[in-house]
Structure formats: structure tokens, C-alpha cells
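Colleague: I am new to this one and would like a short tour. Could you put it on the screen, please?

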Amino acid sequence: MSTVEQSRHLATAIPGPRSSELIARKNAAVSRGVGTTMPVYAARAFGGIVEDVDGNRLIDLGSGIAVTTIGNASPRVVAAVSDQAANFTHTCFMVTPYAGYVAVAESLNRLTPGSEEKRSALFNSGSEAVENAVKIARSYTGKQAVVAFDHAYHGRTNLTMALTAKSMPYKHGFGPFAPEVYRAPLSYPFRDAEFGKELATDGELAARRAITVIDKQVGAANLAAVVIEPIQGEGGFIVPAEGFLPTLLAWCRANDVVFIADEVQTGFARTGAMFACEHEGIVPDLIVTAKGIADGMPLSAVTGRAEIMDAPHVSGLGGTYGGNPVACAAALATIETIEADGLVARAAQIESLMKDTLFRLQAEDDRIGDVRGRGAMIAVELVKAGTTEPDAELTRALCAAAHQAGVIVLSCGTFGNVLRFLPPLSISDELLREALDVLELILRDL
Ligand SMILES: *Cc1c(COP(=O)(O)O)cnc(C)c1O
């Protein structure tokens with residue numbers, strides 16, 4: 001078992017000599033299209049710490065982008081993965097099926113919102129699962145159009161690039177994109193406030209604005225599915241105003257449109273609920289999961305009502321690696337860990353600890369325009385002092401200084417001005433407080 005000491009420690013400059021050597025090798029060997037956030041190379045990770053190849057120990061506020069939610073190299077996962085790998089690593093579920101796949105489907109059907117009869121199908125990546133959710137919705141409705149929202153992120157494959165909103169870096173130069181994809185306005189309370197207090201606080205009103213666009217520019221008769229992140233991830237951790245999601249869902253139900261919740265980033269205890277939809281009390285038709293599902297092993301899923309999930313013809317869904325047995329073993333161990341260790345409640349604790357500090361900072365610093373998010377998915381939106389004008393420069397500088405100080409933080413948002421925190425739920429309160437102290441000092445200096 002990993003024994004990474006749970007303290008921040010800088011043994012060398014960042015990056016140290018071993019990381020610098022790997023950076024040079026990377027630049028010579030890896031396509032430059034594959035960028036990296038951190039200037040250091042990982043050696044080991046556990047709890048709330050990532051240790052690099054030079055012996056620096058960094059506080060992890062990223063979880064590999066919301067993936068190692070239960071903590072890196074989590075003990076039950078390590079055991080389950082090595083046991084499964086010793087038995088068999090692959091047979092292909094479509095050739096010689098195995099129990100792990102079925103058990104993951106049963107768990108997903110049990111854990112996702114809604115008590116109707118459900119089915120699941122497993123894939124490799126979030127993008128692949130979103131694509132399959134669209135295939136299933138088209139098969140079920142016999143319709144073609146798909147609506148996504150402003151600031152949305154659904155992946156980097158061709159169909160999901162079309163669903164994703166932001167051009168640079170995700171889409172620029174990579175078109176043409178899949179047809180029959182349309183975009184509707186989101187509820188973005190911080191920015192909607194510019195257009196009136198009511199729009200910012202009344203989710204139903206914001207939903208009506210979106211529904212009018214959908215109705216007039218697409219038409220329910222052509223629309224197979226609406227795809228939405230219940231809390232947007234890459235788009236800026238945007239929590240829609242209360243009532244937005246239920247109003248949208250009700251319209252979908254009334255119009256034979258499949259409501260697909262993309263919970264790739266928000267799922268598996270991340271937001272202080274097993275799934276973020278639970279905060280709004282909604283039961284989506286289909287729910288897409290990935291990232292936190294298997295503690296870093298590549299796995300994704302689509303889960304939903306049996307009548308929709310069973311619409312595609314036999315052998316219409318699948319893929320060589322989908323629901324790989326080692327990834328399934330990791331998923332079962334991940335779910336067991338969330339339930340046995342009370343990690344949903346831990347995410348809620350992390351929210352209150354982080355928000356206490358961040359709201360205090362906001363009160364003292366008018367460059368912090370907004371503090372938002374749920375559970376261990378918290379963000380601050382940085383603006384030019386006292387305005388709502390995005391400050392991407394400050395965000396970049398803050399991230400770079402944090403990395404130098406041994407704290408892994410990520411930015412996001414359409415305007416590149418959102419600092420996002422995705423700590424693993426295995427992080428200690430002490431490390432979390434220390435990371436926030438570091439950020440506070442940096443912000444004061446900048
Ligand atoms: C990361 C992400 C995806 C894409 O997942 P990949 O595994 O990178 O293909 C899709 N939707 C959301 C909300 C995501 O955060």
C-alpha cells in the first residue's frame with residue numbers, strides 16, 4: 001500500500017531536475033496538442049497529496065479532474081484491481097461476458113435517482129458515453145435533433161465537440177462538426193444578474209427563455225434529446241438558478257424529448273449527493289457517468305429507464321473495451337468505499353469548510369465576483385475589481401503561483417476566469433486549510 005506522507009513539501013524548485021528532463025522528453029515525443037497543466041511529473045499519490053519524481057509533495061485540489069474522488073490508489077480499489085488483473089484482464093463483454101459488468105450495471109441502476117426499472121450500458125470515456133446516450137435517445141424517439149447549452153462541455157469526439165460550447169481549445173480547427181446539434185441559453189446566475197435580478201434568481205424564468213429558443217429554432221417534433229450538466233464543469237462550475245432543471249425536465253416529458261443529465265463531472269458523491277440531480281429533486285431519463293466512477297480506471301456508463309435503454313436493436317451498442325473487467329472491479333470497489341466510508345457526507349463537510357473561507361475572502365476582496373458550487377466541487381469567479389468583467393490574467397497568475405507553492409489547482413470557464421477546486425474526499429481538513437491559506441497569501445500578493 002502507498003505511504004505518501006500527508007504534508008506539503010518542496011524538495012526542489014518546481015519543476016525539479018527530474019521533471020525538467022521529462023518535460024524535454026515529452027516535448028520531443030508527445031504531440032504538442034496534448035497539453036499539461038502542471039510542470040511536474042507524478043510518482044505516487046494518496047490521500048490529499050501527489051508526490052512528484054523529485055520528491056516534492058503537492059496538495060491535490062484537482063483529483064485528476066474529478067476522477068480520483070475517493071482518493072488516489074484507494075485501498076479497496078488497489079486490491080480489487082490486482083485481484084481482477086490476476087484472474088483475467090479482458091475477454092470482451094460482447095464475446096464472453098463476466099459478472100463484474102452486470103454487477104456495475106446493477107449498482108448504477110440502484111444508485112441513480114428514480115425508482116422505475118432501469119438498465120445500464122458501459123463504455124470507456126465520458127465522451128463515448130454521451131455519444132451513446134444520444135444514440136439511445138434517437139433510437140427511442142425516432143427523432144434526430146439534440147440541444148446542448150451555452151458553456152456546455154460534453155467531450156472531444158466529433159459529436160461531443162459539437163455539443164461542447166467553447167471553441168478554443170476544444171474545437172478550433174477541428175470541424176466540420178456533427179449536424180443537428182443546437183444550443184440554448186443556460187441559467188448562469190452570476191452573469192444573468194446583468195440582465196435583471198429576476199432572471200438570476202428565478203430558474204423557471206431562465207428555463208422559459210431556453211424553452212422558447214428550443215421551441216422556435218428546433219421544434220419539439222424534431223428534438224430527440226436535451227443534454228445538460230446539472231452543474232457545469234469545464235464551463236465554470238455554474239449552478240443553475242433553482243427551478244431551471246425541473247422546468248426544463250417537465251417540458252421534455254410533455255414533448256417526448258429525452259432529458260439526458262451529463263453527470264460525468266458531478267457524479268459519485270462529488271457534490272455532496274451521489275448525483276447532482278438529487279439536489280434539484282429531478283429524475284432524468286438518462287444519466288451519463290464516468291470520471292469518479294472507478295477511481296481513475298477508464299469506465300463510463302449510460303443509465304436510465306428500461307424502455308428507453310432497451311430501444312436500440314440487439315448489438316446496436318457496445319465496443320471492444322466497454323466495461324473492461326479491471327475497470328468494473330475498480331468501480332465496484334469505488335462504490336463500496338463511498339458507501340462504507342460515508343463519502344457523500346464528507347463532500348458536504350468539505351463544502352462548508354471551503355465556503356467559510358472563500359466567502360470571508362470574497363468579503364475582503366472585490367476581485368472575487370462569485371463563490372459557488374456544491375460539495376467538493378467549488379469555484380471562485382475572478383473579475384476586475386468591483387466589476388463583472390472576467391479576469392483571466394489574474395486567474396492564470398494565481399494558478400501558476402499556486403503550482404510553484406505546491407498546490408495543484410485548475411482553472412475553467414468560458415472566460416478562463418474561474419478557479420475550481422476538486423479535492424479528493426480523502427484529503428484531510430488540515431491539508432485543505434493549508435491549501436486555502438496558500439491561495440489567500442498569493443491573492444494578497446498579486
Ligand atoms: C470530462 C467530461 C466529459 C468527457 O469525458 P472524457 O472521459 O474526457 O471523454 C463529458 N462531460 C463532462 C461534464 C465532463 O466533465
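Colleague: Is E430 buried or exposed?
Modeller: E430 is exposed, with a relative accessible area of 56%. Exposed means over 50% relative accessible area, buried under 20% and partly exposed in between, with a 1.4 Å probe and protein chains only. This is a predicted model, in which local features need pLDDT of at least 70 and side-chain atom pairs count only at pLDDT 80 or more, while totals for chains, interfaces and linings use all residues. Residues are numbered from 1 along each chain as its sequence is written, and side-chain values use heavy atoms, with hydrogens and water left out.

Colleague: Which helix holds E430?
Modeller: E430 lies in helix α15, residues 429-445. Helices (H or I, at least four residues) and strands (E, at least two) are DSSP runs numbered from the N terminus.

Colleague: And how far is E430 from S7?
Modeller: The two are 423 residues apart in sequence, and their C-alpha atoms are 9.1 Å apart in space.

Colleague: Turning to the strands, what is the order in the open sheet of four?
Modeller: The order is β1-β2-β3-β13, and the pairing is mixed. Two strands pair if DSSP finds at least two bridges between them.

Colleague: Which strands stand at the edges?
Modeller: They are β1 (42-46) and β13 (407-408). Each has a single partner strand, so one side of each is left without a neighbour in the sheet.

Colleague: How many bridges join β1 to β2?
Modeller: There are four, and the two strands run antiparallel, with β2 covering residues 49-52. As one example, R44 has E51 in β2 as its bridge partner.

Colleague: New topic: how many disulfides are there?
Modeller: The structure holds zero disulfides, a disulfide being a pair of cysteine sulfur atoms within 2.5 Å. For C252, the nearest cysteine sulfur belongs to C277 and is 12 Å away. C252 is buried, at a relative accessible area of 0%.

Colleague: What about C328?
Modeller: C328 is in no disulfide either, and the nearest cysteine sulfur, that of C92, is 12 Å away. C328 is buried, with a relative accessible area of 0%.

Colleague: Last one: which residues make the contact between α4 and α12?
Modeller: Contact means heavy atoms within 4.5 Å. From α4 it involves G100, Y101, A103, V104, S107, R110 and L111, and from α12 it involves C328, A331, L332, I335 and E339.
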